[in-house]
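Please examine the structure shown below.

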Amino acid sequence: MPFNKRNEKQLFNLDGVPLENNFKKLLANIPYHLHIQDEHYYHSLLLTWLQLLGFYIKAEDNTNKGRIDAVLTEKNTVIIAEFKYSKLKEIKDNEWIPVKTPQQLLKEAKDQIHKKEYYQKYHGKKIILLQAAFATKDVKTHLELLDSY
């Protein structure tokens, strides 16, 4: 799961596939009994992993309308990240499924970024929006350039 300058370039050029695939590999290497079904768990794992990769990250960045889960910075580029996790419901004896799909979670994350205008404080920079969705061990990400606001 090495992350190098090529992967960093892909991320800043809006190719989230390496990020998504590497995070899935990370989760796959954590024994099942150590997984915690809570958004904070996945949030912490992702933040720690990105910091170990060398990104400068400001976690829980407060704005006048809310709190951004994470902001990654690189020169004149800012990545505003919002993470969402689906709670689980039991359908049979000890068989659990996510309440929401990753696609629903990605939409919620994007809607929150826009509703709370998290990007306002970074006006004048290239702004990339990153949404990450966790539905048990299913991980989906979406990257997009914020054209204007």
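**Helix, cores and salt bridges**

The expected span is 1.5 Å times one less than the number of residues; helices (H or I, at least four residues) and strands (E, at least two) are DSSP runs, numbered from the N terminus. This is a predicted model, in which local features need pLDDT of at least 70, side-chain atom pairs count only at pLDDT 80 or more, and totals for chains, interfaces and linings use all residues. Residues are numbered from 1 along each chain as its sequence is written, and side-chain values use heavy atoms, with hydrogens and water left out.

Among the buried residues of α2 are Leu 19, Phe 23 and Leu 27; buried means under 20% relative accessible area, exposed over 50%, partly exposed in between (1.4 Å probe, protein chains only). Phe 23 also belongs to the largest nonpolar core, of 27 residues, where Phe 23, Leu 46, Leu 50, Phe 83 and Phe 134 touch the most other members. Such a core is a set of buried Ala, Val, Leu, Ile, Met, Phe, Trp, Tyr and Cys residues joined through side-chain atoms within 4.5 Å.

Glu 20 counts as buried because its relative accessibility is 13%, whereas Lys 24, at 29%, counts as partly exposed. Another salt bridge joins Asp 61 and Lys 121 (2.9 Å, N to O).

Key. Salt bridge = Lys/Arg side-chain N within 4 Å of Asp/Glu carboxyl O.
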